[in-house]
Amino acid sequence: MSALLNPAGAILLVPLLAGVILAFIKNYRIASWINLAAASLTLLAALRLLVWRPVGLGSLLAVDDFNIVFLVLNAIVGFTTTVFAKDYLAHEMSSGHLKPWHIRFFHPLYQILMGAMNLAYLTSIAGLMWVQIEIATLITILMVGIPRTHESLEAAWKYFILGSVGISLALFGTILVYSVAQPVVGDGLPAMAFTTLVANAAKFDPDMLNLAFVFILLGYGTKAGLFPLHAWLPDAYAEGPTPVSAILSGLLLNLGIYAILRFKMVLTANPLAMAPGPLLMTLGLVSVIFAALMLYRRSDLKRFFAYSSIEHAGIIAFAFGLGGPLANFAGLLHMAMHSLVKSGTFFAVGNVMRLKGTQKMAAIRGLTNSHPALGWVFVAAVVAIAGLPPFGLFTAEFLVLTAAFQQQPLLAAVLVLGLVISLGGLFWRLNPMAFGEPSPNAEDRHGPLWPIAINLGLVLLFGIFIPGPVALWFQHVAKLLG
Amino acid sequence: MSTFAFDVSHFLSGTILLLSFAMLYQDRLPPLLNIFIAQSLVLALSITWQAYTQNEPQLLITAGLELCVKVVLIPFVLYTLIRRLKIHRTVETVVGIGPSMIAGMALVGLSMALILREHPAIGGTAREDLAFALSVLLLGLLMMVTRRNAVSQVIGFMAIENSLVLAATGAKGMPFVVETCVAFSALVALIVIGVFLFRIRERFDSVDVSILDHFRGEQP
């Protein structure tokens with residue numbers, strides 16, 4: 001009981017308990033309410049973490065300045081996704097797209113996924129983090145396959161093959177890190193704990209550490225969807241149920257980058273090891289340019305936003321590769337903002353698809369005329385994703401560019417090019433979808449818009465002004481990242 | 001560590017690598033599965049030997065798990081699957097046997113070059129085991145890339161898992177958490193894979209993954 005009262009315990013135990021209970025509940029209506037209740041409790045616990053930080057969680061768990069950002073973000077996006085999923089699934093069931101046996105295990109899997117992601121952030125042990133990311137991967141594979149169509153099965157299979165290869169490479173990297181740490185730190189858990197790894201990194205063998213980081217980058221980079229490891233991503237985003245697309249782009253992408261950053265801190269603490277910056281910057285820039293160009297050739301709405309996620313993962317990788325307090329600050333802000341905006345966008349996309357009965361962009365016309373509320377929310381979401389003011393992604397991208405022009409003007413120019421190309425792609429597609437003569441509707445009513453409003457509202461707030469304590473806190477983490 | 005213990009450990013790891021090569025050139029499913037069983041068996045032996053030389057009895061649990069899951073349970077399910085699906089008996093290779101063997105040798109050379117340089121910082125059998133494990137991992141990747149059949153891709157993936165267990169057990173005193181979870185994940189992976197294989201069969205009347213390409217969402 002005391003573990004449940006501790007917010008750090010609650011964000012792990014609530015999803016776990018809810019997952020176990022939900023596994024026995026057959027009625028999907030009851031299940032969706034329990035799911036919502038669990039997500040709300042997790043959100044409350046995570047918000048409590050903001051004001052009261054538990055200490056002495058044992059040798060496996062630790063709340064520090066770095067992971068707390070992501071725990072809170074996970075809970076917020078997890079909550080709004082639950083609200084959206086509740087409506088989405090109810091509609092898919094009533095329209096006959098999904099049968100009860102399709103989504104029998106959606107809710108328990110969802111809660112266990114949230115619990116696994118929270119534990120991945122909360123743990124201070126590299127091995128345990130890997131296990132949680134593996135669990136998250138397996139669950140999302142199952143979830144992508146939920147619609148049981150040709151396309152979703154192919155997407156799930158592709159995700160399974162590439163995801164498990166990625167996750168294997170990441171484990172090999174983790175084992176390599178352990179084997180360089182073990183002679184210095186000694187056997188057992190300390191040689192796996194991030195704090196001792198960073199503290200003793202200077203004494204590690206630099207060559208092996210480099211090799212380990214390459215494996216980690218390739219492994220967890222697959223989760224983040226960095227080019228050329230992205231091949232599974234558009235399929236999985238496009239063919240899975242829309243709430244799963246929101247989770248994949250809003251939360252799992254961040255988890256992959258978080259894992260890379262944890263190991264980057266170890267690498268930068270060793271002066272003889274290679275600088276991880278150039279590697280991250282190259283992967284990042286190539287991802288941005290590639291994804292920006294791919295935006296123009298898409299005909300499927302969800303696939304379109306999937307490529308936009310690859311672009312944003314690229315910008316984030318570039319920011320952290322650049323390094324320094326300003327770029328790291330921008331990278332963190334970008335991760336937080338992108339997670340909120342992109343999940344919100346997928347909620348909007350889900351509602352648009354419900355109205356038009358298709359995810360082909362050619363069949364979606366004049367949304368602001370036929371459904372002003374949804375239409376303008378959709379426009380706002382795309383404006384936010386494009387990184388235009390007054391939204392928070394603008395602040396983040398502006399800071400990345402400022403840092404880039406200070407440190408690497410040439411690379412900054414390439415980044416600007418990528419951003420402009422993607423801006424063009426986004427608006428070229430948005431224009432006919434949002435304005436002009438409406439296309440015929442499959443249905444008249446769409447679901448509630450307030451989950452999107454919460455996400456976009458937070459992003460708007462951060463675009464207009466970043467609250468003082470939050471800014472200080474981000475600055476502190478940015479320094480930690482080196 | 002005595003030279004003898006060292007040699008035995010090398011011998012076992014080397015055998016695992018050799019069996020990986022044997023998997024590369026098998027062009028029918030049942031023998032491929034047999035070689036996988038042999039590899040897992042040698043791996044279990046190698047873990048037992050590590051448990052003895054490192055004096056870490058909990059590694060015996062890992063060895064036992066390996067034995068149950070990868071030598072008995074998974075092969076049994078896959079045999080049943082192969083029989084039930086009446087999969088045609090030849091494995092289609094995308095690249096020929098010769099080129100893939102040469103590619104395999106190049107990969108082994110690469111991993112030796114990467115890890116077996118002078119690294120006094122890593123002691124015991126860990127360094128050699130890591131080199132062997134990296135080779136087995138890369139060969140498993142090669143197999144997944146060159147095979148089209150879903151079952152042989154799965155076997156390739158499990159060979160990769162074998163390499164990870166080899167690396168994890170070779171690293172002295174690695175926390176036990178990781179090893180149980182690798183074995184556990186193999187089991188979960190099997191469930192996932194099993195479900196998918198059945199559904200792929202149900203949907204496409206074949207386990208040839210290349211047929212899936214028709215259903216790519218990219219085409220208008």
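This is a predicted model: local features need pLDDT of at least 70, side-chain atom pairs count only at pLDDT 80 or more; totals for chains, interfaces and linings use all residues.
Colleague: Let's start with B:D129. Why is B:D129 called buried?

Modeller: Buried means under 20% relative accessible area. B:D129 has 1% relative accessibility, so B:D129 counts as buried. You will find B:D129 in helix α5 of chain B, which covers residues 126–146.

Colleague: What makes the pairing of the B:D129 and B:S13 side chains a polar contact?

Modeller: The two side chains come to 2.8 Å, and the cut-off for N or O atoms is within 3.5 Å. B:S13 is also one of the residues in contact with B:D129 once neighbours within four places in sequence are left aside; the others listed are B:S9, B:Q50, B:L166 and B:G170.

Colleague: On to the rings, then. How many aromatic pairs are there over all chains?

Modeller: The count comes to 28. One of them is formed by A:Y121 and A:Y258.

Colleague: Why is the pair of A:Y121 and A:Y258 called edge-to-face?

Modeller: Ring centres must lie within 6.5 Å to pair, and planes over 60 degrees apart count as edge-to-face. A:Y121 and A:Y258 have 4.8 Å centre to centre and 75 degrees between the planes, so the label follows from the definition.

Colleague: What makes this a link between distant parts of the chain?

Modeller: A:Y121 is in helix α5 (residues 106–122) of chain A and A:Y258 is in helix α11 (residues 242–268), 137 residues apart. A:Y121 counts as buried at 1% relative accessibility, and A:Y258 is buried as well, with a relative accessible area of 0%.

Colleague: How do you know that A:F305 and A:F346 form an aromatic pair?

Modeller: Their centres are 6.4 Å apart, and the limit is within 6.5 Å, so they pair. With 70 degrees between the planes, this pair is edge-to-face. A:F305 lies in helix α13 (residues 301–322) and A:F346 in helix α14 (residues 324–356) of chain A, so the pair ties together parts that are 41 residues apart in sequence. A:F305 counts as buried at 0% relative accessibility, and A:F346 is buried with a relative accessible area of 0%. Both belong to one aromatic cluster, which also includes A:Y159, A:W232, A:Y237, A:F304 and A:F378.

Technical notes
Residues are numbered from 1 along each chain as its sequence is written. Chains are lettered from A and ligands numbered from 1 in the order in which they are written. Side-chain values use heavy atoms; hydrogens and water are left out. Helices (H or I, at least four residues) and strands (E, at least two) are DSSP runs, numbered from the N terminus. Buried means under 20% relative accessible area, exposed over 50%, partly exposed in between (1.4 Å probe, protein chains only). A polar contact is a pair of N or O atoms within 3.5 Å; within protein, one must be able to donate a hydrogen and the other to accept it, and residues adjacent in sequence count only if both atoms are side-chain atoms. Contact means heavy atoms within 4.5 Å. Rings of Phe, Tyr and Trp (its six-membered ring) pair if their centres lie within 6.5 Å; planes under 30 degrees apart count as stacked, over 60 as edge-to-face and the rest as tilted.
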